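Please look through the sequence and the structure shown here before reading the report. The headings can be read in order.

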Amino acid sequence: MKRTFLIALCVLTVASVALVLTLPGHQGTAPVLFWVTQNDPVKRETIAVFGQWLAQQGLPPVEIRIDNTGQVKNGTTGEPKALIQGASGMGGDLIDVYLNQMELFQATGMLTDVTDMAREDGFDFGRTYPAVRSDFVIEDRQYGFPRNVDVTMCWVNRDTFARYGIPLPPHRWTIREFEELGRRFIAAANPPGSRHRVFFLNRVWPPTLRRSLGLSTFNETLTRCTLDDPRNVEVLNLLYRWTVEERLLPTHAEQEALAADATGWDSSFSLFASGRFAIIYEGLWALIRLRPKGDLHLAAVEPFNGGFPNTEFGTGAVAIYAGTRHPAEARQFLRFLASEPFNLLIARSSDSLPPLPAYAKTDAYRRPPGHAGEAEVKDAFAEAGRDIGLAQSKSPFVLPSITFRIDTEAIEEVLAGRLSAAEAARRTTERINAEIELRVRRDPELARLYAERLAIQRQIEARRAAGRPVPAAWLFDPFHLAYYRAHGWVEPEVKP
Amino acid sequence: MSAGRPVQRWLTGMAFLLPSILGFCAFTLVPLVLSFAMAFTDWDILRHNIFHHAPVKFVGLENFIRMFHDPQFWRDFGNTFFLMLGLPFAIAGSLVAALLLTRTGRRRAAVGPALVLATLTLVASGLVLLIGGMPEPAVWFLFGTLAATVLVAGVLTGGTLYRTLFYLPNFTAGVATFVLWKKLYNPHSGPINLALAPVLDGVAAGLRAAPHAWAVGLPAVCGGLGLLIIAWQARRLRSEDTDSGPVATAAGALVPAVPLACGALWLGSSAAVAVGVAVLGCGVVATVAWRRPRRYGPPLEAAAGLGTEFGLALVLVPLLTLLAAGVALGASLPVLARTGFEPPSWLGDYGWAKPALMLMALWAAIGSNNMILYLAGLSSIPVELYEAADMDGASPSQRFWHITWPLLAPVTLLISIMGLINGLQGGFEMARAMTSGGPAGATTTLSYFIFIEGFETGRLGYASAVAWFLFVLVFVLSFVNFRFGNRHAND
């Protein structure tokens, strides 16, 4: 028995040593960087082009491997695996960070502050769209560079509208127009006596709808949640009416169920192509999924609005892990994201708008090889990014993932008929403000920032009460900045 | 083992044990102690990790106080207990499965009828497919073919196939099962709703064809059947041959409570609830007072026969609730049928999400280790007892209630305790994979709550506090169950 035990121990030891010696870092001379991202064709091509770019620049080769097990799956909730790995010192060298994750990851200290190196290497935030700055810049410090810049628009299947004899929605349309067209469409597509199988729109993004009515999740300085507002009550009532009563939209469960029919989001695109969704609310990347569905006659229109046209504008940034053993190589990768080869790759792929705005005017973006007829929709996206795109409202005093979870639960309670819209709005506000209070109370540094912001908020309110404009620098919420500018409530900005 | 000096032998033994001890210390003991300490601190992964070294502050009982004031905690606490309501059904299901699987001796005689039944099922399924075309009838065809195959193969191979089939859920990976059930529950393309849709259409058509007959007839039939069952229960409790003591009799008399309350709620009358409670209270007192003295044997203990009443309640309560629904909602069914009936949105509807998860858990629990334990328990019951009962002319029901059920009591107790522990700690994987805790938090359990607090928001101190509260809860409930259940199990 003792011998067996010793033999087993020796075999395991030898196997462990062999495993360590065969790890990527021990093979070859090129350093290996792990990139926490999705393993899709665009990422694989990015790695290939990066290799060519390094060679053109006369830089030593770097091997990049995709780690998609800890990938950030979507931009709406926190991603525990990436967070836990990162905070415990085991993160990938490069990490894709979407919408709500940036604040979470940055707060842990797991992301490298690249402000200075970005300025030196030419990938500072000034090179991309100003509207998405807050997605990778926190308190004036930069923590990555956009890999893609995405605008969300309403994709319209012209054939579906033609089939039911319903006119196409205008490029810019109102909530009233949406309801009117939607009701007509639903009546035509779901005749009496049949089960409801055709929907007008796949989903609505409530913050966009609220913003269109002049309301943000937070106040100007992001110190308080402001959803206990009649405009939010109106939005919740509209969502209930459209989803439960008029059935213009599927319920969340139906969306989930439709998504379960296929892999991930694919079902939405299949249903859109087959005419069961007249409109889908998605980013430019939808083109990648729609192209294989056949020769669709597509249009892209703005999300319907309640007076202030706007849409989601966000970025998936690549950040450098603070614990990376290859900071110089990771820095090269971020530099590559601001290069021409990478921007042309994104332009061709239609994954999103290219990070550098100038490339949205190239033929590679507007008329990529084999898809010359896409210029109209591509231009619509570029135009929306320039004119109405707004980054999410994210408070430094509460994690965006918490805000999202609380807001989603309240909306679901309204749709389930368990809470009135007014009650849901009140509870959402109370819960988010309680989270802010808790975090500020436990973090002295945050408490200092909070006190500063509160002082500014009081000044804003005093000025607004007196009918005087406020400095743009006081407006930390991207929506408020755009809204104040649109209404002429901002002091004239002096350009240096 | 070879003889040697005691120290040498001790060292050899320890060398063998060391890997296990080290693993236990590293992955169980140290995290356990750490989590206990963390429960009294403000440990937040955002501020306390390898990059940030803010001092960890001792906050005393603040996390626990916050937990008791947190509405989300109480909601998820309620969800956990609601989902555990399925536990008795799971235990009953395991027992029924085990009982069925022990009946293997009559397979030869069953071959003929099984073949006839299987052929009829196949022909009927094929006809449905031919008449109806694809795809909904195809689901019926699939189910029919599957049922026929299982029936024939089971009868031909004896209990072995059934035992394997029933045990399948236990060695299927959890997430795979959840994904499968998610597909089954799909409101648009799931086989369950595809099968339900034509049935509901038929029911709606029938209701529309003769609305008045249904509006009056259904409540009358359901009400009559309900009263018959209640009368049978009362007669049984009053019997001189009963093994139930006064407490068990009172518990048995309480069986109509849930159906009465549900019926009153569905009728929307709070007065009816009050009247129901009053009638029920009187009924309990009357039944206990009315019961006849036992004909044979010594007087019964107060709590004797509780297990029997509990087991019977598992069958009677759902049945009576269904009948109460017929009485309360029967009259309005024809009105509802005008627009047709939609199959439920299983995982998306607030009201259906929890029952849908319970149904899936029930399916998994029936063929779980519980069934194996019951099979082992059944094999240990002496055959002589059944033979003696047969000679005394005992019916199958009497054989079960007076021999099988009491002798399986220790197994039932073990299964109950294990089920309780798993129920309180569980629900995370299922909810995470199937509903993400929704809709509106309807399926978020305590373990999911701990996960969200610990790993999505990073508040490890608070999450640890909730985890330790859960531990205390599991400990207390298991202790009570063991302490009091064990007494009756060993009677």
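## Basis of the model

This is a predicted model, in which local features need pLDDT of at least 70 and side-chain atom pairs count only at pLDDT 80 or more, while totals for chains, interfaces and linings use all residues. Residues are numbered from 1 along each chain as its sequence is written, and chains are lettered from A and ligands numbered from 1 in the order in which they are written.

## Chain A overall

Chain A contains 20 helices and eleven strands. Helices (H or I, at least four residues) and strands (E, at least two) are DSSP runs, numbered from the N terminus. The C-alpha trace of chain A spans about 75 × 60 × 55 Å along its principal axes.

Of the 496 residues in chain A, 48% are buried. A residue is buried if 20 or more other C-beta atoms lie within 10 Å of its own, exposed if 12 or fewer, and partly exposed in between, with C-beta atoms placed from the backbone. Contacts are also counted by separation in sequence: among those in chain A between residues at least 6 apart, 71% join residues at least 24 apart. Two residues are in contact if their C-beta atoms, placed from the backbone, lie within 7 Å.

## Strand β10 of chain A

How many of the ten residues of strand β10 (residues 311–320) of chain A are buried? Ten of the ten are, so the strand is largely enclosed by the rest of the structure.

Strands pair if DSSP finds at least two bridges between them. Strand β3 (residues 94–98) of chain A runs antiparallel to β10(A) and is joined to it by five bridges; here A:Asp96 stands opposite A:Val318. Strand β6 (residues 145–157) of chain A also pairs with β10(A) in the antiparallel sense, over six bridges, and A:Val151 stands opposite A:Phe313. With strand β11 (residues 389–390) of chain A, the pairing of β10(A) is parallel, over two bridges. A:Thr311 has A:Gly389 as its bridge partner in β11(A).

## Nonpolar cores

In soluble globular proteins, nonpolar side chains tend to be buried together. A nonpolar core is a set of buried Ala, Val, Leu, Ile, Met, Phe, Trp, Tyr and Cys residues joined through C-beta atoms within 7 Å. The largest core has 179 residues, and those with the most contacts inside it include A:Leu94, A:Trp155 and B:Val466. Helix α16 (residues 350–366) of chain B gives the largest share of this core, eight residues. A second, separate core has twelve residues, among them B:Leu260 and B:Leu323.

Leaving aside residues up to four places away in sequence, A:Leu94 touches A:Leu33, A:Trp35, A:Val36, A:Val318, A:Ile320, A:Ala330 and A:Phe333.

## Domains of chain B

Chain B is divided into domain 1 (6–69), domain 2 (70–104 + 348–491) and domain 3 (203–343). These bounds come from an automatic or database domain assignment. The C-alpha centres of domain 1 and domain 2 of chain B lie 29 Å apart, and their contact takes 15 residues from domain 1 and 13 residues from domain 2.

## Contact between the chains

In the contact between the chains, 29 residues of chain B meet 34 residues of chain A. On the chain B side, the elements that give two or more residues are α1 (6–38), α8 (174–185) and α22 (446–456).

Most residues other than glycine have a negative phi, and most peptide bonds are trans. B:Gly438 and B:Pro439 are joined by a cis peptide bond, with omega about -5 degrees. B:Pro439 is in the loop between α21 (428–434) and α22 of chain B. B:Ala440 lies in the loop between α21 and α22 of chain B, and its phi is positive, about 55 degrees, although it is not a glycine.

A:Arg247, in the loop between α9 (230–245) and α10 (252–261) of chain A, has a positive phi near 60 degrees. Is A:Arg247 buried or partly exposed? A:Arg247 counts as partly exposed because it has 19 C-beta neighbours inside 10 Å.
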